[in-house]
Amino acid sequence: MPAIQLTLLSKPGCHLCDDARQVVTDVLATFPPRDGSPLVAFDEKSILDDPELFDEYVEEIPVVLINGRVHTIWRVDPARLTNALTTELEESA
């Protein structure tokens with residue numbers, strides 16, 4: 001089981017979401033699986049599919065959550081995301 005859950009909250013047609021997805025994908029590529037299991041599990045949720053997420057984040061997407069906590073909104077900084085994931089991995093070891 002992955003040590004970290006990373007979730008991207010987005011919606012269709014959101015150019016910032018497309019940018020965030022690319023940064024997340026690039027950063028996750030630097031965390032290869034260990035013993036056949038991913039270190040970071042990634043999923044993406046559209047706020048349009050969940051009324052609670054829509055109400056909470058409609059003005060803030062894209063949102064990156066790490067283990068259910070907000071890491072960043074709007075723009076994803078690759079170095080900051082890498083550092084946060086590295087810290088989470090070290091703390092979960």
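**Figure 1. Span of helix 3 in the predicted model.** The expected span of a helix is 1.5 Å times one less than its number of residues. Helix 3 has 15 residues. From its first C-alpha to its last it reaches 21 Å, close to the 21 Å expected at 1.5 Å a residue.

Figure 2. An α-helix has 3.6 residues a turn, so residues three or four places apart point the same way.

**Figure 3. The largest nonpolar core.** This core holds 18 residues. Leu6, Val40, Val64, Leu81 and Leu85 touch the most other members. Strand 1 (4-10), helix 1 (15-28), strand 3 (63-66) and helix 3 (78-92) each supply at least two residues. Helix 1 gives the largest share, five residues. A second, separate core has ten residues, among them Leu9, Leu16, Ile47 and Tyr57.

**Figure 4. Surroundings of Val64.** Leaving aside residues up to four places away in sequence, Val64 touches Leu6, Thr7, Leu8, Val24, Arg69, Val70, His71, Thr72, Val76 and Leu81. Strand 3 is covered on both faces. Val63 and Leu65 are buried on one side, Val64 and Ile66 on the other. In a regular strand the side chains alternate between the two faces of the sheet.

**Figure 5. Strand 1 and its parallel partner.** Strand 1 pairs with strand 2 (residues 40-46) in the parallel sense. Seven bridges connect the two. Leu9 stands opposite Lys45 in strand 2. With helix 1, these strands make a right-handed β-α-β unit.

**Figure 6. Antiparallel pairing at strand 3.** Strand 1 and strand 3 run antiparallel and are joined by four bridges. Here Leu6 stands opposite Ile66 in strand 3. The bridge partner of Ile66 in strand 4 is Arg69.

**Figure 7. The hairpin of strand 3 and strand 4.** Two residues lie between the strands of this hairpin. Asn67, in the turn, has a positive phi of about 50°.

Definitions and conventions. Residues numbered from 1 in each chain as written. Predicted model: local features only at pLDDT ≥ 70, side-chain atom pairs only at ≥ 80, totals over all residues. Heavy atoms only, no water. Core = buried A, V, L, I, M, F, W, Y, C linked by side-chain atoms within 4.5 Å. Buried < 20%, exposed > 50% of the residue type's maximum accessible area, 1.4 Å probe, protein only. Contact = heavy atoms within 4.5 Å. Pairing = 2+ DSSP bridges. Right-handed = clockwise from strand over helix to strand, strands pointing away.
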